[in-house]
Amino acid sequence: MATHQSVGEIKERGYTVLEGALDADTLARFRAELQPFLDDGPFGRNDFEGHRSKRVYAMLAKTPTVAALVEHPDVLAIADEFLRPNYLLTSCLAIDLHPGETRQSFHFDDGGINQPRPRKPAGISTIWAIDDFTDDNGATEVIPGSHLWGNETPDPDSADFVKVTMPAGSVVVFAGTLWHRGGANHSDANRLGITPQYCEPWARQLENMILAVGPKARDYSDRIKSMLGYSITPPFMGYVDGRHPMKCLDDDFDPASTGDGARSEVFWDGEYRFRAVDATEGV
Ligand SMILES: O=C(O)CCC(=O)C(=O)O
């Protein structure tokens with residue numbers, strides 16, 4: 001589906017589905033990397049995580065192939081339309097619903113910024129189907145149009161929701177303001193989903209990605225490094241010791257390669273101070 005059509009669907013009803021976005025080989029490789037963490041990991045600690053679900057966090061530290069989902073070009077082309085440059089990866093986790101899991105409570109993903117609604121989404125979320133998402137195995141349930149709501153909250157029993165059924169390898173992309181929940185798994189097999197979520201560069205990430213991923217960040221593309229937090233947002237949010245954070249990974253990093261350096265400069269004048277610049281030197 002063309003980006004402008006997906007963007008239109010998100011603006012209108014809050015979500016869009018990209019079918020067949022991931023090929024079978026990548027899916028198989030990814031599942032093989034993830035399986036040991038699912039096997040060894042605990043069940044959820046509360047109703048939200050799901051007592052019959054397993055969640056794997058800090059995935060970029062554990063399963064390198066998840067990068068193909070996080071920086072999928074069709075997804076990022078959509079996020080680019082909603083979020084400011086240098087937006088961040090706010091969370092990235094696996095959610096494996098086992099048979100018998102009950103439905104989750106309705107929520108929206110950018111609620112943490114605690115700003116009144118209606119408003120622009122401060123995040124774009126995705127949920128990748130690693131297994132087929134079906135009517136009875138816990139496909140995500142979304143309330144179309146609820147991204148535009150003000151203070152309304154949905155009734156868990158009577159809300160007008162849609163089950164996002166989709167074949168493995170597909171992804172639902174939705175506004176951070178869209179009310180949704182994980183469904184109940186009435187089938188006899190697991191339902192595995194992966195949810196990379198992106199947020200405005202001025203918002204705090206749900207997962208502290210710099211700590212969660214640690215030195216493994218070096219293994220990823222500059223785009224992913226930027227989304228983890230190795231980036232600045234104007235004029236200089238995110239600097240480290242007065243310098244561009246990417247210099248923590250690569251002393252020779254040139255901020256001009258991102259355009260970041262063109263926006264601000266940190267200098268020493270008895271104390272650290274900042275000024276807007278149109279050159280990249282010094283950042
Ligand atoms: O597993 C799902 O389908 C949705 C989960 C979810 O929305 C969440 O945990 O934030």
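This is a predicted model: local features need pLDDT of at least 70, side-chain atom pairs count only at pLDDT 80 or more; totals for chains, interfaces and linings use all residues.
Q: Where is Thr 233 found?
A: Helices (H or I, at least four residues) and strands (E, at least two) are DSSP runs, numbered from the N terminus. Thr 233 and Pro 85 are 148 residues apart in sequence, and their C-alpha atoms are 7.8 Å apart in space. As for its own place in the chain, Thr 233 is found in the loop between helix 6 (222-228) and strand 10 (265-268).

Q: Why does Thr 233 count as partly exposed?
A: A residue is buried if 20 or more other C-beta atoms lie within 10 Å of its own, exposed if 12 or fewer, and partly exposed in between, with C-beta atoms placed from the backbone. Thr 233 counts as partly exposed because its number of C-beta neighbours inside 10 Å is 19.

Q: Is Ser 125 buried or exposed?
A: Ser 125 is found in strand 4, which covers residues 123-129. Leaving aside neighbours within four places in sequence, Ser 125 is in contact with Asp 109, Phe 174, Gly 176, Thr 195 and Gln 197. Since 26 other C-beta atoms lie within 10 Å of Ser 125, this residue is buried.

Q: Which residues of helix 1 and helix 4 make the contact?
A: Helix 1 passes helix 4 in a right-handed crossing, where a crossing is right-handed if the near helix is turned clockwise from the far one by less than a right angle, and left-handed if anticlockwise. Helix 4 brings Ala 77, Ile 78 and Glu 81 to the contact, and helix 1 brings Thr 3, Ser 6, Val 7 and Ile 10.

Q: Which residues are around the ligand?
A: A residue is near a molecule or strand if its C-beta atom, placed from the backbone, lies within 6 Å of it. The shell around the ligand divides into 2 nonpolar, 5 polar and no charged residues, where Ala, Val, Leu, Ile, Met, Phe, Trp, Tyr, Cys and Pro count as nonpolar, Asp, Glu, Lys and Arg as charged, and the others, Gly among them, as polar. By name, the residues around the ligand are Ile 95, Gln 104, Ile 127, Thr 140, His 180, Gly 182 and Gly 193.

Q: What is the phi of Asn 114?
A: Most residues other than glycine have a negative phi, and most peptide bonds are trans. Asn 114 is found in the loop between strand 3 and strand 4, and with 6 C-beta neighbours inside 10 Å this residue counts as exposed. Although Asn 114 is not a glycine, its phi is positive, at about 60°.

Q: What is the omega of the cis peptide bond that joins Arg 117 and Pro 118?
A: Pro 118 lies in the loop between strand 3 (88-97) and strand 4 (123-129). For the cis bond that joins Arg 117 to Pro 118, omega is about -5°.

Q: What is the phi of Ala 58?
A: Ala 58 is found in the loop between strand 2 (53-56) and helix 3 (67-70). With 19 other C-beta atoms within 10 Å, Ala 58 is partly exposed. Ala 58 is not a glycine, yet its phi is positive, at about 50°.

Conventions
Residues are numbered from 1 along each chain as its sequence is written. Two residues are in contact if their C-beta atoms, placed from the backbone, lie within 7 Å.
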